[in-house]
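Hello,

Here is the structure I promised to pass on to you. Please have a look at it, and then read on for my notes on what turned up.

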Amino acid sequence: MTNINNRSTGFVRGGLAALALAVVGAAFWLTPAVSAEDAVKIPPPAIDEKASPGSEKAIFAGGCFWGVQGVFQHVKGVSKAVSGYTGGAKDDAVYETVGTGRTGHAESVEITYDPSKVTYGQLLQVYFSVAHNPTQLNYQGPDSGTQYRSTIFAENDAQKKIAQSYIAQLDKAKVFSEPIVTTLETGKTFYPAENYHQDFLTLNPTYPYIVYNDLPKVANLKTLFPSLYSEKPVLVLSASN
């Protein structure tokens, strides 16, 4: 894994466009989205959990956690979305160590949500549609390695069943040009990432990597899922403070 300063090297070819967008990053929401990845309009899951009040958690991995966190922080019904590492040991849950690609960890986001406002299936729909590209094996956009794999870390058998059914449904419908490579892992522990990774998209809206790769995802969420979109993000650091 590259460090924060080098994370933009994967899209040097689009550097001029990204830098131009960075200059007007504050006005991004008033302009059309320009993105490294296009969102895909997909049907809702045929099988989902029952909408009921309470608090549940979901863990998704889909490339750099900056963008995935940023998307789910704008989803209604989500009370918290934390960037972190899942799949490996506690001692290895360190940014530089995970970056070697040898820890078993994936950059992931733990989402706390109210299923009476947004269901697990709806979170999956956002995950597959706008948060990342589920057809890319062990990479997302400019980032490559198993730490950037597309993985659903199911919290229980119910989540696993819903996710398995939805992947089969989407593959059968051929809504993507390539087969979905998203894996399912269970029994894994989530470890929060360092504070400087939390709320990175919101705190750094003009950072070129964010402008080119991640802000368009939030714009696509607003366009494709207007009933789920919340203008104000739920931030980790402000909540902890």
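Asn 138 sits in the loop that runs between α4 (120–131) and β4 (139–140). Do bear in mind, here and below, that this is a predicted model. The phi angle of Asn 138 is near 60°, which is a positive value in a residue other than glycine. As a reminder, most residues other than glycine have a negative phi. With 29% relative accessibility, Asn 138 counts as partly exposed.

Lys 174 also has a positive phi, near 50°. You will find Lys 174 in the loop between α5 (157–173) and β7 (183–186). Its relative accessible area is 67%, so Lys 174 is exposed.

Now to the sheet. In what order do the strands of the open sheet come? The order is β7-β6-β1-β3-β2-β8, 6 strands with mixed pairing. At the edges are β7 and β8 (190–192), each of which pairs on one side only. From one strand to the next, the twist averages 35°. Strand β6 (residues 150–154) runs parallel to β7, and 4 bridges join the two. If you want a place to look, Ala 154 stands opposite Thr 186 in β7.

Helix α2 (residues 65–72) touches β1 (56–62), β2 (78–86) and β3 (106–113), and its direction makes about 165° with that of β2. Helix α4 touches β1, β2, β3 and β6, and its direction makes about 15° with that of β1.

Within strand β3 you will come across Ser 108. Is Ser 108 buried or exposed? Its relative accessibility is 0%, so Ser 108 counts as buried. Leaving aside neighbours within four places in sequence, the contacts of Ser 108 include Phe 60, Val 82, Tyr 85, Phe 153 and Phe 190. Ser 108 and Thr 151 are 43 residues apart in sequence, while their C-alpha atoms are 8.5 Å apart in space.

Beyond its neighbours within four places in sequence, Val 126 is in contact with several residues, among them Val 71, Phe 72, Leu 221 and Phe 225.

Finally, the aromatic rings. How many aromatic pairs does the structure hold? There are 11. In one of them, the ring centres of Trp 66 and Phe 200 are 3.9 Å apart and the planes are at 10°, so this pair is stacked. Trp 66 belongs to helix α2 and Phe 200 to helix α6 (residues 200–203), so the pair ties together parts that are 134 residues apart in sequence. Trp 66 is buried, with a relative accessible area of 0%, and Phe 200 counts as buried at 6%. Phe 200 also forms an edge-to-face pair with Tyr 207, at 5.6 Å centre to centre and 85° between the planes. Both Phe 200 and Tyr 207 are buried. One aromatic cluster is made up of Phe 60, Phe 72, Tyr 120, Tyr 127, Phe 128 and Tyr 166.

Best wishes

Terms used: Residues numbered from 1 in each chain as written. Predicted model: local features only at pLDDT ≥ 70, side-chain atom pairs only at ≥ 80, totals over all residues. Heavy atoms only, no water. Buried < 20%, exposed > 50% of the residue type's maximum accessible area, 1.4 Å probe, protein only. Contact = heavy atoms within 4.5 Å. Pairing = 2+ DSSP bridges. Axes fitted to C-alpha atoms, helices over the stretch in contact; angles between N-to-C directions. Phe/Tyr/Trp six-rings, centres within 6.5 Å; stacked < 30°, edge-to-face > 60°.
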